[in-house]
Amino acid sequence: MPKFITIGYGDQAGYDRTPRPVRDAAHAQDAKLLSEGAVIGIAGAPVQVRNPEARGIETRQGPFKSSALPIAGFAIIEAADLAEAIKKVSHVPCAVAHGVVEVWPLHETT
């Protein structure tokens with residue numbers, strides 16, 4: 001089955017202003033995704049890694065890109081197609097609590 005990487009963006013203020021029953025249902029959707037084999041995690045502090053021409057590793061604390069909302073978490077889910085992946089994440093916390101979820105098809109290499 002195809003896999004998709006999802007990136008959830010959201011902040012505490014958006015979460016707090018979302019009604020509790022909506023948040024509870026969103027967490028139930030996360031639990032459902034976990035039961036289906038999804039890998040879900042909360043985002044930690046990022047580190048940028050570069051190794052120009054393989055001559056030496058350079059690191060920098062912080063994200064490479066910035067957005068209006070911070071990255072809240074990531075997931076790897078399976079779905080029959082993009083439409084099903086979108087449906088699955090449309091009710092997770094970031095999607096319903098005034099955030100956004102990006103869905104990226106994952107084309108695995110062998």
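How much space lies in the second largest pocket? The second largest pocket holds about 410 Å³ of space, and the largest pocket has a volume of about 500 Å³. The structure is a predicted model.

**The largest pocket**

- The volume of the largest pocket is about 500 Å³, and 25 residues form its lining.
- Nearest the centre of the largest pocket lie D30, A72, G73, P93 and C94.
- At least two lining residues of the largest pocket come from each of β1 (3-9), α1 (12-16), α2 (20-35), β2 (39-42), β5 (71-78) and α4 (93-96).
- Sorted by class, the lining of the largest pocket comprises 15 nonpolar, eight polar and two charged residues.

**The second largest pocket**

- With about 410 Å³ of space in the second largest pocket, the lining is formed by 16 residues.
- Among these lining residues, I7, Y9, P63, K65 and I71 are the closest to the centre of the second largest pocket.
- Two or more residues of the lining of the second largest pocket are given by each of β1, β5 and β6 (100-106).
- The lining of the second largest pocket divides into 11 nonpolar, three polar and two charged residues.

**The loop between α1 and α2**

- T18 belongs to the loop that runs between α1 and α2.
- T18 counts as buried because its relative accessibility is 3%, where the limit for buried is under 20%.
- Apart from neighbours within four places in sequence, T18 makes contact with R23, V96, A97 and H98.
- R17 also has its place in the loop between α1 and α2.
- R17 has a relative accessibility of 55% and therefore counts as exposed, the threshold for that class being over 50%.
- R17 and H98 are 81 residues apart along the chain, and their C-alpha atoms are separated by 8.5 Å.

**Aromatic rings**

- The charged end of R23 is placed over the ring of Y15, at 4.7 Å from the ring centre.
- The number of aromatic pairs in the structure is zero.

**The loop between β3 and β4**

- E53 lies in the loop between β3 and β4, and A54 is placed in the loop between β3 and β4 as well.
- Most residues other than glycine have a negative phi.
- E53 is not a glycine, yet its phi is positive, at about 55°.
- A54, likewise a residue other than glycine, has a positive phi near 55°.
- E53 is exposed because its relative accessible area is 67%.
- A54 has a relative accessibility of 65% and so counts as exposed.
- G56 is found in the loop between β3 (47-50) and β4 (58-61).
- G56 is classed as partly exposed because its relative accessibility is 28%, a value to be read against the limits of 20% and 50%.
- When residues up to four places away in sequence are not counted, G56 touches R50 and N51.

Notes
Residues numbered from 1 in each chain as written. Predicted model: local features only at pLDDT ≥ 70, side-chain atom pairs only at ≥ 80, totals over all residues. Heavy atoms only, no water. 1 Å grid on protein atoms, 1.4 Å probe; cavity = no way out; pocket = protein on both sides within 12 Å on 5 of 7 lines; lining within 4 Å. Points joined across faces, edges and corners; volume = space filled by probe spheres on them. Helix = DSSP H or I, 4+ residues; strand = E, 2+ residues; numbered from the N terminus. Nonpolar A, V, L, I, M, F, W, Y, C, P; charged D, E, K, R; others polar. Buried < 20%, exposed > 50% of the residue type's maximum accessible area, 1.4 Å probe, protein only. Contact = heavy atoms within 4.5 Å. Phe/Tyr/Trp six-rings, centres within 6.5 Å; stacked < 30°, edge-to-face > 60°. Lys NZ or Arg CZ within 6 Å of the ring centre and 35° of its normal.
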